[in-house]
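This report examines a protein chain through its strands, its nonpolar core and its charged side chains. Please keep the sequence and the model in view while reading.

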Amino acid sequence: MNVRWNMILIVITLSLLGWYYTLNQQEESALTTRIQADKSPDYIANQMETTLYSLDGRKQYVASAEQVEYFQQSGDTVFKSPVVYLFESAKNSDNLVRSWKLSADQAKITNDKMLYLDNNVAIESLLPESKIHSLKTSSAVVNLTTQDITSDTMVTVVGQSFTTTGKSMAGNLRQQIATLKEQVQTHYEIQNN
């Protein structure tokens, strides 16, 4: 009789352990679906505008986009259809003015304030006295602190009375310098006064 009761208790114990194990597995799988995947953003915002100020309180840039995704682990911010305005001091004044408008299909700003622009990149000067009026390329990298710009793709630069193209470029937007490299072609417009 003791052997029968022991066998019944062992079967009941094993059944309870099996049932507990399956419940625990279901909770763990439900928990893993709730935990955020490594590659997914920490937040997503639509129609957002972001303004970044320097340490001395001056506007460095304003970025707006249709959609913004922020990844906290890497510190990257990804923009869909972004428009970024860079600022600089107006001549003979401490007032800040929008100096450049940067747009693309997609962009990413990293923790070290590097802006990676991809697809249909258009950079336009907003200053009337600017030597460079616009740049067009398929990808570019802009340091938002120094306004250095590089591109390893075909670039078209339009300026005062000239248009030039090249296979890659390095320059500085603040200083209005663009150095084109490889397969450079320039067309000048001669103005008759």
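Strands β5 and β7 run antiparallel and are joined by four bridges; two strands count as paired if DSSP finds at least two bridges between them. Helices (H or I, at least four residues) and strands (E, at least two) are DSSP runs, numbered from the N terminus. This is a predicted model, in which local features need pLDDT of at least 70, side-chain atom pairs count only at pLDDT 80 or more, and totals for chains, interfaces and linings use all residues. Residues are numbered from 1 along each chain as its sequence is written, and side-chain values use heavy atoms, with hydrogens and water left out.

**Strand pairing around β7**

Y116 has V141 as its bridge partner in β8. β7 and β8 form a hairpin as well, with six residues between them.

The loop between β7 and β8 contains E129. This residue counts as partly exposed because its relative accessibility is 42%; buried means under 20% relative accessible area, exposed over 50%, and partly exposed in between (1.4 Å probe, protein chains only). The C-alpha atoms of E129 and Q160 are 9.3 Å apart, although 31 residues separate the two along the chain.

**The nonpolar core**

Which residues touch the most other members of the largest nonpolar core? They are L102, L115 and L135, in a core of 27 residues. Such a core is a set of buried Ala, Val, Leu, Ile, Met, Phe, Trp, Tyr and Cys residues joined through side-chain atoms within 4.5 Å. Strands that each supply at least two residues of this core include β2 (59-71), β5 (96-103), β7 (114-125) and β8 (132-143). L102 touches, among others, V83, L86, L115 and I123, not counting residues up to four places away in sequence; contact means heavy atoms within 4.5 Å. In soluble globular proteins, nonpolar side chains tend to be buried together.

**Charged side chains**

A search of the whole structure finds one salt bridge, meaning a side-chain nitrogen of Lys or Arg within 4 Å of a carboxyl oxygen of Asp or Glu. It is formed by the side chains of D76 and K108. The pair links distant parts of the chain, with D76 in strand β3 (residues 76-80) and K108 in strand β6, 32 residues apart. D76 is buried, because its relative accessible area is 15%, whereas K108, at 31% relative accessibility, counts as partly exposed.

Two charges lie over ring faces and are listed with the salt bridge below. A charge sits over a ring if NZ of Lys or CZ of Arg is within 6 Å of the ring centre and within 35 degrees of the ring normal.

| Pair | Arrangement | Distance |
|---|---|---|
| D76 and K108 | salt bridge | 3.9 Å, N to O |
| R98 and Y85 | R98 over the face of Y85 | 3.9 Å from the ring centre |
| K108 and Y116 | K108 over the face of Y116 | 5.5 Å from the ring centre |

**The chain as a whole**

The protein chain has one helix and 14 strands. Of its 193 residues, 31% are buried.
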